[in-house]
Amino acid sequence: MTEVFITNIQTKIQAKDILDFFKANNPDLKINYDLNETDNAYHCGHTVLRVEGNKIET
């Protein structure tokens, strides 16, 4: 299962902190963050957080 979340995180430091938190608390999930999707039609330059795993609690 893969979940895609639209976020408002704008910097690499913020993204790293979020990724570190999720990975520490959910080691079975594959998590990545894409700061480069701001050219897409998301409001206010929002970016994308993808979470992949067998069980994801949104």
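Predicted model: local features only at pLDDT ≥ 70, side-chain atom pairs only at ≥ 80, totals over all residues.

**Entry 1: the order of elements.** I started at the N terminus and followed the chain, and the elements run β-α-β-β. That gives one helix and three strands for the protein.

**Entry 2: the whole chain.** I asked what share of the 58 residues is buried. Buried residues make up 28% of them. Next I looked at contacts with a separation of 6 or more, and 55% of these join residues 24 or more positions apart.

**Entry 3: the nonpolar core.** Which residues form the largest nonpolar core? I listed nine: I9, A15, L19, L29, I31, Y33, L49, V51 and I56. Helix α1 (12-25) and the strands β2 (30-34) and β3 (47-52) each supply at least two residues of this core.

**Entry 4: I9.** I wanted to know where I9 sits, and I found I9 in the loop between β1 (2-7) and α1. Is I9 buried or exposed? I9 counts as buried because its relative accessibility is 13%, and the cut-off for buried is under 20%. Leaving out neighbours within four places in sequence, I wrote down Q14, A15, I18, Y33, L35 and T47 as the contacts of I9. For L35 I also noted the spacing: I9 and L35 are 26 residues apart in sequence, yet 8.1 Å apart in space, C-alpha to C-alpha.

**Entry 5: T47.** T47 was on the contact list of I9, so I looked T47 up next, guided by its 1% relative accessibility, which counts as buried. T47 has its place in strand β3. What lies 3.0 Å from a polar atom of the T47 side chain? I found the backbone oxygen of I9 there.

**Entry 6: T7.** My next stop was T7, in strand β1. T7 is buried too, because its relative accessibility is 13%. The side chain of T7 makes a polar contact with the side chain of Y33, at 2.5 Å. Beyond the neighbours within four places in sequence, T7 is in contact with Y33, H46, T47, V48 and L49.

**Entry 7: D34.** I found D34 in strand β2. Buried or exposed, I asked of D34? D34 counts as buried because its relative accessible area is 18%, and the limit is under 20%. With neighbours within four places in sequence set aside, D34 is in contact with T47, V48 and R50. I also checked D34 against I6: the two are 28 residues apart in sequence and 10.0 Å apart in space, C-alpha to C-alpha.

**Entry 8: two exposed residues.** I turned to K12, which lies in helix α1. K12 is exposed because its relative accessible area is 69%, and exposed means over 50%. K12 and L35 are 23 residues apart in sequence and 7.7 Å apart in space, C-alpha to C-alpha. Then I looked up N54, in the segment after β3. N54 is exposed as well, because its relative accessible area is 81%. How far apart are the C-alpha atoms of N54 and D28? I read 8.3 Å, for two residues 26 apart along the chain.

**Entry 9: the largest pocket.** About 240 Å³ of space lies in the largest pocket. Which residues line this pocket? I wrote down F5, F22, N26, L29, I31, L49, V51, K55, I56, E57 and T58. Sorted by class, the lining has seven nonpolar, two polar and two charged residues.

Notes
Residues numbered from 1 in each chain as written. Heavy atoms only, no water. 1 Å grid on protein atoms, 1.4 Å probe; cavity = no way out; pocket = protein on both sides within 12 Å on 5 of 7 lines; lining within 4 Å. Points joined across faces, edges and corners; volume = space filled by probe spheres on them. Nonpolar A, V, L, I, M, F, W, Y, C, P; charged D, E, K, R; others polar. Core = buried A, V, L, I, M, F, W, Y, C linked by side-chain atoms within 4.5 Å. Buried < 20%, exposed > 50% of the residue type's maximum accessible area, 1.4 Å probe, protein only. Helix = DSSP H or I, 4+ residues; strand = E, 2+ residues; numbered from the N terminus. Polar contact = N/O pair within 3.5 Å; in protein donor to acceptor, adjacent residues only side chain to side chain. Contact = heavy atoms within 4.5 Å.
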